[in-house]
Structures are given as C-alpha cells and as structure tokens.
Amino acid sequence: MKHLEFKTQIDADKKKVWDTMLRPETYKEWVNTSWPGSYYEGKWAKGENVKFISPGQGGTMATLLEQKNYDNILAKHVAIINPDGSEDRNSEAAQGWVGTTERYTFKENQGKTELKIEIETAPEWEGMFKDGWPAALAKLKEICESN
C-alpha cells in the first residue's frame, strides 16, 4: 500500500470546515472540482456505509471505522460500485481497491483549521488521488472562507 497525505489550512473553525465538507450540497460543490458530478449516499456515522458515486461511472463504498464529530473520520473501502449500481467486492478490479483507507483529521488552532487527508492505497490509484485532492481541498478552502 502507498501512503499519501494532503493538507490545507482553512481560515474557519473546524465545525464550519466539517459541515461544509460533509453537507451534501457543499460536498458536491467542492468535490466537483476534481471528480465532476460526484456525490455521496449514506450517513457519516461510525459503522455506516457511505457510497461515493460518479454518475455513469459507478463509484466505491466505504465503511466508517471511526467517526468523531468535528475531529476525525476513518473510512475503509469495502467495494466498488458498478455503473448499474451493483456492488463488487471480488473482481480483480475490486481487489485492487478494497482495503484502501482514508482518514480525515480536523485540528483547530486560534480559529483556523488544518484539514489533513491520509490515504493508504494500492500504487495504481496514487495518480488519481494526487491529481484530485489538491484541487478539491483548494475549492473546499475557498467555500469555507467565502461564506
């Protein structure tokens, strides 16, 4: 597995950053920068599954192993979602994705929040994350700081 890390400093408290990152409407806005049309289905709570969907392309499903409001989330990807909406946990493509983890950590200091994204993934997915996360985080920062 390959370890990737992305950070941004946002001039807003961590509750605002958390809410902006995870509210369905604003999630679509910032994630669209890197993954056009993407959205999620599910509840951001420990033990829940969240599906990350790209229309017409399918997506992925993750189980939330940890979730503490305004502090952190740890998600482990458990399946890919086929374009028809079915879950795939066993194909070669799924096996290359299942087990990927994403940790989101929110640390506030004097009204500013450092958001850190840590990812453990197979090397073949490194490019997608390196291409996508910096722009997505820049858009999230812009949204948080402009409202």
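The following is a short exchange on how terms are applied to this predicted model.

Modeller: Local features in this predicted model need pLDDT of at least 70 and side-chain atom pairs count only at pLDDT 80 or more, while totals for chains, interfaces and linings use all residues. Residues are numbered from 1 along each chain as its sequence is written, and side-chain values use heavy atoms, with hydrogens and water left out.

Biologist: What makes the contact between K15 and D19 a salt bridge?

Modeller: The term requires a side-chain nitrogen of Lys or Arg within 4 Å of a carboxyl oxygen of Asp or Glu. The closest N and O atoms of K15 and D19 are 2.8 Å apart, so the pair meets the cut-off. Both residues lie in helix α1, 4 residues apart, about one turn of the helix. Helices here are DSSP runs (H or I, at least four residues), strands are runs of E with at least two, and numbering starts from the N terminus.

Biologist: Why are K15 and D19 called partly exposed?

Modeller: Buried means under 20% relative accessible area, exposed means over 50%, and partly exposed is in between (1.4 Å probe, protein chains only). K15 has 43% relative accessibility, so K15 counts as partly exposed. D19, with a relative accessible area of 24%, therefore falls in that class. Elsewhere in α1 (residues 14-22), V17, W18, T20, M21 and L22 are buried.

Biologist: How do you know that E5 and K7 meet in a salt bridge?

Modeller: The N to O distance between their side chains is 3.9 Å, so it is within the 4 Å limit. E5 has 38% relative accessibility and therefore counts as partly exposed. The whole structure holds 12 salt bridges, and K2, E126 and K130 are linked in a network of them.

Biologist: Why are K139 and E142 said to be about one helical turn apart?

Modeller: They are 3 residues apart in helix α4 (residues 126-146), which means a separation of about one helical turn.

Biologist: Why is Q110 called exposed?

Modeller: Q110 has 77% relative accessibility, so it counts as exposed. Q110 sits in the loop between β7 (101-109) and β8 (112-121) and has a positive phi of about 55° although it is not a glycine. Y70 also has a positive phi, near 70°, in a residue other than glycine. Y70 is in the loop between β4 (58-68) and β5 (72-81), and its relative accessible area of 27% makes it partly exposed.
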